[in-house]
Amino acid sequence: MRNKTELNPDKTEPERRTAFKQIFRRFGVAVVGTLAGHAMLRSRPAISAEIIRPPGALPEPAFDSTCIRCGLCVEDCPYDILKLASWTDDAPVGTPFFVAREDPCRMCADIPCARACPTGALDPLLTDIRKADMGVAVLVGHETCLNYKGMSCSICWRVCPIRDEAITLETIKNAKGTLQIPTVHSDRCTGCGTCEKHCVLSETAIRVLPRKLGLGQPGRNSAGRDKV
Amino acid sequence: MINFIKIICTGIYSKRWLLARRTVQLFILLAFLYQLPLIGDIATGNLSSSEWFGTIPLTDPFILLQSFLAGSSLAYPALIGGLIVAAFYAIFGGRIYCSWVCPINMLTDVAYWFRQRFGIKSNLSISKGLRKAILLLALLLSFSAGTLAWEIVNPITLFQRELMWASISGSLFLLGLFFFDLLVSRRGWCGHICPVGAFYGFLGHFGRLRITADKLESCAGSACSACIKVCPEPHVLVPVVSQKGNKVISGDCTRCGACLDKCSTGALSMKMDLGHRRSFKNIPIVTKK
């Protein structure tokens, strides 16, 4: 633009006009870029249900904005279960996660991962690991679970770090005989994934899911009968 | 024998800034990977946030700014780390990060070296304003989408993740970046695209560590311009070589010292510039046209 005016001094554009042109062009770039980029960011796939955040993690949109992808939690985990997501993982790039079936959270009493977090994306106020909420275990394979078949595998119940509180065995009698049904109590389960890791089936019958996916919610009206 | 030592010494002397830079870059990179026998970890974390010797937090202010815009409330270890880093670069000069810390600089420098070696002339010229536009977009998108927008592509932390967790996804991106600098655009990534460099350029705009021409009379000026030929951001040296000023005052200067290695007249030096902007021979320093 400047060259043009220098070459043709007769046809000079007022300086204010060139300034406005430049401002509009920049504004256009910013608007178009933001819209296109925003659409791209919004169209990212949702976080996979297999991705479990370390204990004390903020709920998801807040975690994504607060975590600065430094990996200090990953380095402080004594069992090396955590990993920072790369482009091929189903989580925002650089955020920490673990996969319970591969390596579950060992529920360290001092929660070193949350202590290491510099931003509070892992809640520094979480002091009792039993209050952590990484998800909730759900017995999804009713047709394959050995206890449902009348055997007494009960491995999920035996390995549970909060045994008899997070998972109990409930006795049910039906046509198959007496069944010991592993029953998860969502108020006690931390979602550490130890049960999922140890399930003896080739594809686990008990899985840690985000609470939103794993739990039913009561309807508007209370169900069930009051005292007769 | 003496001649041999002399050759080595002059060789080292003529690359003293480059060697110092590589030493610092490699030290920082290896500090994250290895431990010292008695002290233990030198640094943990990565270049977005780290803890040195188990006590000193350091946080990248650009990533912290994205996080803040994305809607996080700032917690204090990260905030303190961010302030330490921001204060350092604001006082000394922002783009020191680019040439002394950033591991991608080594990659793009290798690409540039190959470019010189094989005489690759192809060059897609990109506006210097592009990185500023990308910086603006990264901040706007962080705000609108609630995520750390630049961290999705940021090759700096990507590089460290590839090194530390030895995964291969993303290595292709780094390879692409290398070939972009080698074949497509001269100094393309660091000089024209990377918004981290643009951010540190703004942050260190008034940084006081400056390339200074003390003995401007011994400088041959535009007849020599050896410094401009090696400078990764050649425009910053123009006022000095055209003898319009005696200091490099642009925030784009990375303080890499390539000009000091190359300058045979000894006219240039790197100094803390605590005085006011002085004019040279009554000619006022031209900052912007």
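Is Phe173(B) buried, partly exposed or exposed, and at what relative accessibility? I looked this up first: Phe173(B) counts as partly exposed, at 24% relative accessibility. My scale calls a residue buried under 20% relative accessible area, exposed over 50% and partly exposed in between (1.4 Å probe, protein chains only).

**Ground rules.** I am working on a predicted model, where local features need pLDDT of at least 70, side-chain atom pairs count only at pLDDT 80 or more, and totals for chains, interfaces and linings use all residues. Residues are numbered from 1 along each chain as its sequence is written, chains are lettered from A and ligands numbered from 1 in the order in which they are written, and side-chain values use heavy atoms, with hydrogens and water left out.

**Helix 9 of chain B.** I took helices (H or I, at least four residues) and strands (E, at least two) as DSSP runs, numbered from the N terminus. Helix 9 covers residues 171-184 of chain B, 14 residues in total. I find 19 Å from its first C-alpha to its last, close to the 20 Å expected at 1.5 Å a residue; that expected span is 1.5 Å times one less than the number of residues. On burial, I noted Leu174(B), Leu177(B), Phe178(B), Phe180(B), Asp181(B) and Leu182(B) as buried in this helix.

**Aromatic pairs.** I paired rings of Phe, Tyr and Trp (its six-membered ring) if their centres lie within 6.5 Å; planes under 30 degrees apart count as stacked, over 60 as edge-to-face and the rest as tilted. By this rule I get 19 aromatic pairs over all chains. One of them is Tyr89(B) with Tyr97(B), edge-to-face at 6.1 Å centre to centre and 90° between the planes. Tyr89(B) is buried at 7% relative accessibility, and Tyr97(B) is buried at 4%.

Phe173(B) turns up again here: it pairs edge-to-face with Trp189(B), 6.4 Å centre to centre and 85° between the planes. Phe173(B) lies in helix 9 and Trp189(B) in helix 10 (residues 188-193) of chain B, so the pair ties together parts that are 16 residues apart in sequence. Trp189(B) is buried, with a relative accessible area of 10%.

I also traced a cluster linked by ring pairs: Phe62(B), Phe88(B), Tyr89(B), Phe92(B), Tyr97(B), Phe199(B) and Tyr200(B).

**Charges over rings.** I counted NZ of Lys or CZ of Arg within 6 Å of the ring centre and within 35 degrees of the ring normal. Arg187(B) lies over the face of Tyr112(B), at 3.6 Å from the ring centre. In chain A, the charged end of Arg163(A) sits over the ring of Trp157(A), 5.6 Å from its centre.
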